Amino acid sequence: MGARHLYVHLPFCAHRCGYCDFVTVVGRREQHGAYVDALLRELALEGGVLAEHVETVFLGGGTPTFTGGSELARLLDALPETDELTVEANPETVTPELARLLRAGGVNRVSLGAQSFRPHLLSVLERRAGPDDVRRAVYLLRDAGFDNISLDLLYGIPGQSAADLECDLADALALEPEHLSCYELEAKPGTRFTHAHGDELARQADAMEGYFEQVVDALTAAGYRWYETANFCLEPGRVGGRDLRARHNLAYWWGRDYLGIGMGAVSTLAGARRRNLPGLGRYVAALQEGRTPPRETESLDEATKERERLLLGLRLDEPLPVADVAGALDKKAAERLVAGGLVELTENGGGPTVSLTRRGRFLGGGVTVELLA
Ligand SMILES: C[S@@+](CC[C@H](N)C(=O)[O-])C[C@H]1O[C@@H](n2cnc3c(N)ncnc32)[C@H](O)[C@@H]1O
Ligand code: SF4
């Protein structure tokens, strides 16, 4: 069976936010058309690895909604039919026309990068959108018929206080999004952002655990399921039984195969991980010549796959079958962590499972690393 998930990278952004480490290209409006041509060529070259039924497609960036409208429409038109089609959008790019274009192109989920509703924090992040742009974007998307909107929030922003975060969470909840992703801000050493905010980033790092608990407490109290370390969705009981978890991201956490196209895009296919190299010029040039883009490939042996499955699977709130990760799991460490109240080993009809307790989930990666054999 082929890959059931497709990621499409659209790297263009209006400007570069100081904290961002994604593969992006500023401006270059005149090259959006050539880039979309290259994407479609890559899809034609690689599409054979996709299953007949593609369950999810995710357009990520960069700022996919900064891509020229006619180019974006052309791309959406050429994508395979799918159950979940997500597009990442920056609030300031959302207009009634864009919302209609996305709808007409079959998009049924929008992930909106709010980051914060506090003007002073948005300015530290060098964001273009203000709080009212975020609200307006949500209203416009609702008007266009979107009933699955996710908001991204960041915490640990230089200058942020617990009270700021409380207000951000309340402002986000007031918009009644179906889904929220709340990330702790990561600042890469050596970047301009880290240089500018070094001491304050250290102060924020000390507050991070408290912020994390604050996020989980506020969102679960508001009726959201904490289904992955950083991800929350409305409980099915509140939305007529709909499962609003991000299906595309679930595929990553479950360790499924996926095809990624575009510059810098990663794919995991048949025991290998490959990454298209960044660099707009060489990506477009290769595909114009009918060649696959320059890329690096790493083979994934069973042991590596099991370790990844353990590390990613334990981010979820569902128990992980021990049989899927048996080689990667240190049984002695697991028993020790069970005694410490951080891990649960459960025996049910389908065989033993492993999961993190609520306290284990707050400690997250640290506990999972201890579980690795
Ligand atoms: C591919 S990014 C960008 C999407 C969109 N261009 C935007 O800026 O809203 C997706 C999400 O990753 C998160 N993100 C970006 N940089 C981050 C960082 N340094 N640390 C933690 N999360 C980050 C942001 O919440 C962002 O919305
Ligand atoms: S708009 Fe998004 S992808 Fe672009 S630079 Fe800013 S954070 Fe990065």
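In this predicted model, Ala34, Tyr35, Ala38, Arg41 and Glu42 of helix H1 meet Leu280, Tyr283, Val284, Leu287 and Gln288 of helix H9; contact requires C-beta atoms, placed from the backbone, within 7 Å. The residues of this contact comprise 7 nonpolar, 1 polar and 2 charged (Ala, Val, Leu, Ile, Met, Phe, Trp, Tyr, Cys and Pro count as nonpolar, Asp, Glu, Lys and Arg as charged, and the others, Gly among them, as polar). Local features need pLDDT of at least 70 and side-chain atom pairs pLDDT 80 or more, whereas totals for chains, interfaces and linings use all residues. Residues are numbered from 1 along each chain as its sequence is written, with chains lettered from A and ligands numbered from 1 in the order written.

**Helix packing**
- H1 (residues 32–46) and H9 (residues 280–288) pack at about 55°, with axes 9 Å apart (helices are DSSP runs of H or I, at least four residues, and strands runs of E, at least two; axes are lines fitted to C-alpha atoms over the stretch in contact, and angles run from 0 to 180 degrees between N-to-C directions).
- H1 is therefore oblique to H9 (angles under 35 degrees are roughly parallel, over 145 roughly antiparallel, 65 to 115 roughly perpendicular, the rest oblique).

**Strand pairing**
- S9 (residues 224–228) and S10 run antiparallel, joined by 4 bridges (pairing needs at least two DSSP bridges).
- A hairpin through 2 residues connects S9 to S10, and glutamate 228 has asparagine 231 in S10 as its bridge partner.
- S8 (residues 179–184) pairs with S10 (residues 231–234) in the antiparallel sense over 3 bridges.
- Leucine 180 has phenylalanine 232 in S10 as its bridge partner.

Terms used: Two residues are in contact if their C-beta atoms, placed from the backbone, lie within 7 Å.
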